[in-house]
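Let's take a friendly walk through a protein model and ask what stands behind each label. Have the structure open as you read.

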Amino acid sequence: MSQRDLVRGGASLFADDGPDGLLHRAFLRGEGLSADEVRRRPVIGICTSFSELNPCNAGLATLAQAVKRGIASRGGLGLEFPTISLSEPFSRPTSMYLRNLMSMDVEEMISSSPIDGVVLLAGCDKTVPAQLMGALSADKPAVMVTAGPRPTSCWHGEPMTIDDVWPLIDERRIGRLGDDEWLKLEGDLNVGVGTCNVLGTATTMAAIAEVLGFAVPGAALLLATSAAQNTLAERAGELIVDVVARDARPSTLVTLAALENAFRVVCALGGSTNAVIHLVALAGRAGLTLTVDTLRTWAATTPLLTDVRPSGRYLLADFERSGGVPALVRELAPLLDTSRPTVTGASWADTVTEAAQGSAQPARRGARNLGSRGGGSVERRNGAPAVPVPALRTLADPVAPAGGGLALLTGTLAPGGAVLKTSAASSALRQHRGRAVVFDGVADVNARIDDPALEVDASSILILRGVGVRGAMGMPEVGHIPIPAKLAKAGVTDMMRLTDARMSGTATGTVIVHITPEAAVGGPLAFVRDGDLIEVDVEAGRVDLLVGDDELAARRAATLSGHSSAPSAAASDAAGSSRAPTTSIPSRGFSWLHYQHVLQPDRGCDFDFLRADFSGGRAPALE
Ligand code: FES
Ligand code: MG
């Protein structure tokens with residue numbers, strides 16, 4: 001037993017002959033467990049982020065029962081426990097503000113509870129990375145079950161997924177969607193529990209959980225609370241018993257090779273930009289570093305293989321029928337280290353080979369069928385052809401060549417990096433030079449974006465700043481700046497946009513997000529003025545502010561001399577604007593902790609003291 005186990009209590013406490021053991025067993029007996037049940041081994045925690053305040057995770061209660069059955073079938077005891085749960089639509093200012101807090105909750109509950117291992121139940125965007133980060137830091141054997149996407153709904157006879165809501169909101173904004181339709185949309189958008197039903201952040205993170213070896217291969221895309229999903233949740237319950245027996249800890253799963261596999265899968269999926277932040281944070285928890293240059297190289301050498309919404313044409317169900325994540329791993333294998341294990345302990349190479357050989361069989365244990373290559377449905381929208389085309393393509397015939405999923409950019413405007421989802425961007429804007437139209441915060445966007453007097457044209461570059469992880473407490477998903485109404489009415493559907501915010505995984509458009517350092521900590525973005533020329537070259541991986549060094553230094557100096565604590569506000573003043581945001585510094589509580597300790601996106605927006613390389617600090621002296 002390690003020092004940490006002694007201090008914090010492992011499951012062996014249930015076996016103790018003395019008062020400790022008696023009390024542990026007695027308290028469970030009081031819950032109604034039998035004398036036999038309290039002697040079952042291993043003891044597995046079922047860490048659930050079920051919450052009625054998180055509709056995406058509301059199906060987890062059912063899955064917890066399936067997990068428990070799986071654990072019991074292998075002789076173990078499953079005990080469910082809650083942590084906080086982060087809902088993308090309901091958490092303010094943004095669920096990302098609380099990701100690190102949830103990871104601390106998860107880590108401490110796993111560490112301090114008398115359990116040998118844990119099954120993690122998560123779904124909505126931030127709950128998956130929070131659980132993976134917490135479990136990695138706690139480092140007890142862990143298996144993950146993700147909530148699964150909610151069903152596709154229907155809008156005027158056509159399939160509707162969550163990404164369809166953004167253009168409809170824009171229609172409403174410019175007066176083209178009436179009250180009746182607006183009310184109908186409220187009832188028609190989500191027709192069940194589960195996560196967003198496109199390749200957004202939740203699905204991308206579920207895929208990452210599979211690839212890293214936490215989740216059962218093939219589980220990520222199964223419909224929330226479906227029979228198939230319950231079957232795989234039961235399988236996860238069985239598997240955690242094996243994982244504990246093998247003592248396969250998260251620290252053995254999250255290696256540099258595994259992170260590269262996961263990142264390349266995100267690129268091949270055309271997955272969410274948020275995944276970049278979470279993978280970098282996971283690396284930091286594992287004592288590893290993913291630099292911008294490393295990520296840029298991986299992104300630039302990985303083609304886009306899936307043709308799935310929001311950036312592609314097909315539904316998640318089409319991708320699932322094409323074999324889902326295991327089939328993608330099989331196609332991408334030459335670019336991956338397939339010797340890395342899945343949650344079963346088998347290598348990815350063996351898993352996809354076995355799955356392909358067994359694809360004619362209807363039911364399988366461990367990995368799901370990879371499906372036939374004709375798995376695409378006859379899709380009906382977004383210009384999709386009327387003949388079946390697979391939602392998953394091959395390296396020889398990709399949806400887009402290398403670099404087609406994500407691009408990492410650096411330059412004078414983003415010395416610490418920035419991210420573009422190339423799969424969702426306009427190819428005409430991949431090389432673009434335009435003049436800046438600067439917005440300081442969301443309120444400024446809302447106040448001026450539709451002003452007919454706004455000096456903007458289709459070639460302008462819209463900038464939203466002051467909404468980074470420190471400036472806006474968690475980096476909200478507001479980077480998808482709306483197209484100014486007068487341009488939208490004229491038919492403009494996309495523009496180059498730059499921001500220190502994040503963007504929803506369900507959104508599309510040419511939006512360069514996560515500009516690092518953010519404006520609120522004095523990044524160059526803080527010193528951009530309306531009319532400045534900016535150049536973006538995605539192929540070259542550059543985003544540059546075409547303002548001379550002397551001019552930029554003068555702006556910075558003017559800012560520092562006039563304002564000492566709020567660079568983003570000061571920058572606006574330097575630009576002669578009266579629309580400067582105020583950066584208020586929290587005085588207490590979690591917001592204080594966040595403000596003091598959160599790191600920039602190039603270190604995953606984690607707290608400095610949660611990273612593996614944190615060297616500790618001295619406790620304050622007693623007075
Ligand atoms: Fe929860 Fe999208 S809002 S997964
Ligand atoms: Mg989101």
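The questions below set values from this predicted model against the cut-offs behind the words.

Q: What makes up the protein, and how many helices and strands are there?
A: The protein has 21 helices and 14 strands. Of its 623 residues, 55% are buried. Among contacts between residues at least 6 apart in sequence, 75% join residues at least 24 apart.

Q: Which residues make the contact of H3 with H9?
A: On the H3 side they include Leu63, Ala66, Val67 and Ile71, and on the H9 side they include Ala233, Ala236, Ile240 and Val241. Lys68 and Arg69 of H3 take part as well, as do Glu234, Arg235 and Glu238 of H9. By class, the contact has eight nonpolar, six polar and five charged residues.

Q: What makes S2 and S4 edge strands?
A: Four strands form an open sheet with parallel pairing, in the order S2-S1-S3-S4. Strand S2 (77-82) and strand S4 (142-146) each pair on one side only, and that makes them the edges. Neighbouring strands of this sheet are turned by 20° against each other on average, direction ignored.

Q: How do you know that S3 and S4 pair?
A: Pairing takes at least two bridges. Strand S3 (residues 117-122) and S4 have five, in the parallel sense, so the label holds by the definition of at least two bridges. For one place to look, Leu121 has Val145 in S4 as its bridge partner.

Q: Which helix packs on this sheet, and which strands are touched?
A: Helix H5 (residues 127-138) packs on the sheet, touching strand S1 (43-48), S3 and S4. The direction of H5 makes about 165° with that of S3.

Q: Which strands pair with S12, and in what sense?
A: Strand S8 (residues 414-420) pairs with S12 in the antiparallel sense over three bridges, and Val419 stands opposite Val513 in S12. Strand S11 (residues 496-499) pairs with S12 in the parallel sense over two bridges, and here Arg497 stands opposite Val511. S12 (residues 511-516) is also mostly covered, with six of its six residues buried.

Q: Why is helix H15 called largely enclosed?
A: A residue is buried if 20 or more other C-beta atoms lie within 10 Å of its own. Nine of the nine residues of H15 (residues 324-332) are buried, so the helix is largely enclosed by the rest of the structure. Among them are Arg330 and Glu331, along with Val325, Leu328 and Val329. The cover includes helix H8 (201-212), helix H11 (256-269), helix H14 (316-321) and helix H16 (348-357).

Q: Why does Gly441 count as buried?
A: Gly441 has 25 C-beta neighbours inside 10 Å, and the cut-off is 20 or more, so Gly441 counts as buried. Its place is in the loop between strand S9 (431-440) and helix H17 (442-448). Gly441 and Asp397 are 44 residues apart in sequence and 42 Å apart in space, C-alpha to C-alpha.

Key. Residues numbered from 1 in each chain as written. Chains lettered and ligands numbered in written order. Predicted model: local features only at pLDDT ≥ 70, side-chain atom pairs only at ≥ 80, totals over all residues. Contact = placed C-beta atoms within 7 Å. Nonpolar A, V, L, I, M, F, W, Y, C, P; charged D, E, K, R; others polar. Axes fitted to C-alpha atoms, helices over the stretch in contact; angles between N-to-C directions. Buried ≥ 20, exposed ≤ 12 C-beta atoms within 10 Å, placed from the backbone.
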